[in-house]
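Thanks for asking me to look this over. My notes follow as numbered points.

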Number of protein chains: 2
Amino acid sequence: MARVAGVSVATISRVINKKAGVSELAAAKVAKAIEELDYQPSLLGKNLRRSHTKLVIVFIPTISNTFFSKVVLGMEAKAHENDYNIIICDTRSEKAIEHKYIELIRNRFVDGAIFLSSSLESAEMIKLSQNYPIVQCCEFNDDIDVPCVSIDNEKAAYEITKHLIKLGHKKIALITADDKLNASSMYHSARLREQGYKRALSESKIRANEEYIKRGKYNFKSGQLAMNELLELKSAPTAVFAVADTIAIGALKACRGKGLEVPKDVAIAGFDDISFSTMVEPPLTTIAQPQFDLGYKAMELLIERIGSGTPQRRKVILEHELVIRGTTF
Amino acid sequence: MARVAGVSVATISRVINKKAGVSELAAAKVAKAIEELDYQPSLLGKNLRRSHTKLVIVFIPTISNTFFSKVVLGMEAKAHENDYNIIICDTRSEKAIEHKYIELIRNRFVDGAIFLSSSLESAEMIKLSQNYPIVQCCEFNDDIDVPCVSIDNEKAAYEITKHLIKLGHKKIALITADDKLNASSMYHSARLREQGYKRALSESKIRANEEYIKRGKYNFKSGQLAMNELLELKSAPTAVFAVADTIAIGALKACRGKGLEVPKDVAIAGFDDISFSTMVEPPLTTIAQPQFDLGYKAMELLIERIGSGTPQRRKVILEHELVIRGTTF
DNA sequence: TTGTATGCGTTATCAC
DNA sequence: GTGATAACGCATACAA
């Protein structure tokens, strides 16, 4: 390249990076050579030289949850504003996959990471955060000092349960994705939502009934299963709060399968406001999270942290919204 | 690192890469130093040296379509088998974003690319393919010589339309995502599906009615909109084939909105078999694609191509399956 | 304004 | 078995 342009590599670097102090003649020669060779500067050399890659990785438990994909959109927006690119890593909630990709941050292939969920123990997460710029988004361990952005899960769950109570319901079930047996659950938010649910109940002097709490996974099937069990109870609940829309939609289907009408026979509330929520019949009452902003803000924190180097301990809480639709009356 | 281990960098490299010919003493010294410094070899240097990154990029029109996410799962499986990692790029069907990420392949940051859709002109795609290892998956321009893997879209659409006809339907509408005005549509498959639909019709001597063909976008809303228009026709169709499940589900909702029963009043067929298809009521009749295999095979072709360097022209067609569920009787 | 030389962190070649 | 050393492609300090 330097040869065909007839100038030194230094000059080439200068024109490519639009540095001042290059004669028009030289610039023209370089431009011509670039054209001729269809030349593209290698990122490999550049990265090694400046020892950062302008790449960040985001860990996502599953790419197929539309909730997360909207959050990622916000991350991308902020990232692009700052010339960063994103690697999305679908961990499928598997520890092994997550660890494999964490290598990428330890070997400096990415400048930082955002976790939308993690199977890491708190201790591991702390150690990672001490050495590299990372932030947590939506899901986070609240016992540790890693920057994060989220909504107030406890409060949101409290509000939606309260909504159910105001409608006159007393037998309100919870379907969650927290198995509780596992001390370090993937879904800390689920636990917070359970707390909010319980607070609303106790505030209204409704005794929490352990039979009404079903613990499964974060998907349709699990919601379906749980709802079927709930409906077989001798004293079946008249309302259900599911900690995620996917779960709630499964529950909705289970009701229909048993010939029950929603919300007449049983009211259903979800959480997240994924796009499917408006497509089911009836449309789902849920908690809307500011998905885009969540991602945008998380990326902002990360970029800040990459720039400063210092792991400032920040927790950002964004506003949620109770969206009342057809599944609750 | 070399200093604290008390050996040369060459030796360090040897033990890290488990090369033969290292004394136990030296190996121990290196191991100790690694432990001490929490040392991780930099991928940056390694990449520069070997001039490849073991990274491939996959272009996806939207991360939130669960159809694509399952395909990506297959890609990841094959990639991991061969020590490759994946960058997922959500292009949002935007040319600008796609072009930005194509830089990554031109500047050798990734070893290859898979396109699950593309806004590139055929000419651009050809040129790219001549210079870099790329393959197309699911969506592809069939007029050019880029390796690809897909199902037989025309045939699948033919079969599902035929299914509708066998049920006695004669007024069969099509809702597609191909706008036809745009010569190089993102969704070539949509065009093929339209062809299959038309072939089935003409084979059964049913005159294709242009009024029955609606052209919109690849999402719920668009299906809803199109269906509403269809239902306002003086002679409304009794069956609808939507070229994607997301569209079909929108159509389903539109029917319900007008008080119509599915499949009694109008039958609906989709395409893709996304996970949500079984959650709607009634569950959706559709064409199931071997999503995982599609991705797996595409990655296989790509890795082959990266290895050989020569762009062998291969088209792989996988089997689909007609899945009859509740929306057609 | 331009070129030369150096280093980023690896791996590979060669000599010891 | 081991250690210098060159090279990968770039950006920069310094010299010219």
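1. How many residues of chain B are in contact with how many of chain A? In this predicted model, 31 residues of chain B touch 32 of chain A, where contact means C-beta atoms, placed from the backbone, within 7 Å.

2. A word on conventions: residues are numbered from 1 along each chain as its sequence is written, and chains are lettered from A and ligands numbered from 1 in the order in which they are written. Local features need pLDDT of at least 70 and side-chain atom pairs count only at pLDDT 80 or more, while totals for chains, interfaces and linings use all residues.

3. On the side of chain B that touches chain A, α4, α5 (66-81), β2 (85-90) and α11 (245-257) each supply at least two residues. Elements are DSSP runs numbered from the N terminus: helices (H or I, at least four residues) and strands (E, at least two). The largest share, five residues, belongs to α4(B).

4. Chain B is laid on chain A with an RMSD of 0.1 Å by a turn of 180 degrees and a shift of 0.1 Å along the axis, superposed by least squares on C-alpha atoms of residues with pLDDT of at least 70 in both. That is the relation of a two-fold axis. In chain B, the C-alpha nearest the axis belongs to B:Ile87, at 2.5 Å.

Key
Contact = placed C-beta atoms within 7 Å.
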